[in-house]
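Keep the sequence and the model side by side. This walk goes from a turn to a helix, and then to the cores.

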Amino acid sequence: MFGDDEARGPRPLPARRALVDDVYDAVLGLLMDRVIEPGARVNIDAVARDLDVSPTPVREALTRLESEGLVAKRALKGYVAAALLDEAGLRDLYDMRELLEPEAARRASTHLDDDTESELAESVVQMRAASAPDEDESFRNYRRFIDEDLHFHHLIAEHAQSPLLSEAIVRLRSHMHLYRLNFRHDFEADTVSEHERILDALRRRDAHAAAEAMRAHIENSYERLGPALARRTADASE
């Protein structure tokens, strides 16, 4: 069983692949969904029971997640979910994104095929739909919105024709995803508009415009999220 500082919930495994990949995805989902809260200890045996697997693939998944900075191994405590970023950490994250993602967009502009372009366009459509007001499903829509945001950026990174660049961006975006799940505010319409500008540049195969649209999107995103963290930090210190 999970302790007081832990959480637990059923997490069915995805379609059959290599078991360690399935378990990695499942444990990542527990972290992203905050079933395991930031800063909480990860009970390996409880997670293994929850997923109906042995502890070995759970340990392997946690080793991989540790390399991505999403869990940390602590003496006498085992694995602990990463804490949320502080103000300096968020600034550093965005500085790295600004270095990497415009270059990914520049490279991807010359490598997109029609299917990927359609997938990016559909992601924008889904984000627009998820951003529509809906009081009954507000959190569900919000979660769908940020999942599509993650998908949009990952697709671009995957088509940059650089596995190392793509891997670095995916790792950074995991932290971004976790952060956004904890800071809800009205940024959806602006984000969708910025994604549309990135997509337009990619469709035109304009490498410079794609890089600049991505750079502007990242700068604007920080301007939206940075003050939210500053306010929460100030409130917590009062």
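Is Leu76 buried or exposed? The model is a predicted one, and in it Leu76 is exposed, with a relative accessible area of 93%. The cut-off for exposed is over 50%. Leu76 sits in the loop between S1 and S2. Its phi is positive, about 70 degrees, although Leu76 is not a glycine.

Now look at the strands on either side of that turn. S1 and S2 form a hairpin, with three residues between them. Their pairing is antiparallel and runs over four bridges. Take Val71 as one example: its bridge partner in S2 is Ala81. In a regular strand, side chains alternate between the two faces of the sheet.

Next comes helix H3, residues 55-67. H3 has 13 residues. From first C-alpha to last, H3 reaches 19 Å, close to the 18 Å expected at 1.5 Å a residue. Which residues of H3 are buried? They are Pro57, Val58, Ala61, Leu62 and Leu65. These residues cover an arc of only 140 degrees around the axis, so they lie on the same side of H3. An α-helix has 3.6 residues a turn, so residues three or four places apart point the same way.

What do the buried residues of H3 pack against? Their partners are helix H1 (19-32), helix H2 (44-51), strand S1 (71-74) and strand S2 (78-81).

Asp52 lies in the loop between H2 and H3. Asp52 is not a glycine, yet its phi is positive, near 60 degrees. Asp52 is exposed, because its relative accessible area is 70% and the cut-off is over 50%. On the other flank, H3 is followed by Gly69. The phi of Gly69 is positive too, near 80 degrees.

Now turn to the cores. In soluble globular proteins, nonpolar side chains tend to be buried together. The largest nonpolar core here has 38 residues. Which of them touch the most other members? They are Tyr94, Leu120, Phe145, Ile156, Ile198 and Leu202. The elements that give two or more residues to this core are helices H4 (87-108), H5 (114-130), H6 (138-158), H7 (163-181), H8 (188-203) and H9 (207-237). A second, separate core has 25 residues. It includes Leu51, Val58, Leu62 and Val71. Val58 and Leu62 are also on the list of buried residues in H3, and Val71 is the residue bridged to Ala81.

Setting aside neighbours within four places in sequence, Tyr94 is in contact with Met176, Ile218, Ser221, Tyr222 and Leu225.

Arg97 is found in helix H4. Is Arg97 buried or exposed? Arg97 counts as buried, because its relative accessibility is 1% and the cut-off is under 20%. With residues up to four places away in sequence left out, Arg97 touches Pro102, His153, Leu172, Arg173, Met176, Ile218 and Ser221.

Finish in helix H7, the place of Ser166. Ser166 is buried, with a relative accessible area of 13%. Beyond its neighbours within four places in sequence, Ser166 is in contact with Ala157 and Glu158.

Notes. Residues are numbered from 1 along each chain as its sequence is written. Side-chain values use heavy atoms; hydrogens and water are left out. The expected span of a helix is 1.5 Å times one less than its number of residues. Buried means under 20% relative accessible area, exposed over 50%, partly exposed in between (1.4 Å probe, protein chains only). The arc is that of the directions from the helix axis to the C-beta atoms. Contact means heavy atoms within 4.5 Å. A nonpolar core is a set of buried Ala, Val, Leu, Ile, Met, Phe, Trp, Tyr and Cys residues joined through side-chain atoms within 4.5 Å. Two strands pair if DSSP finds at least two bridges between them.
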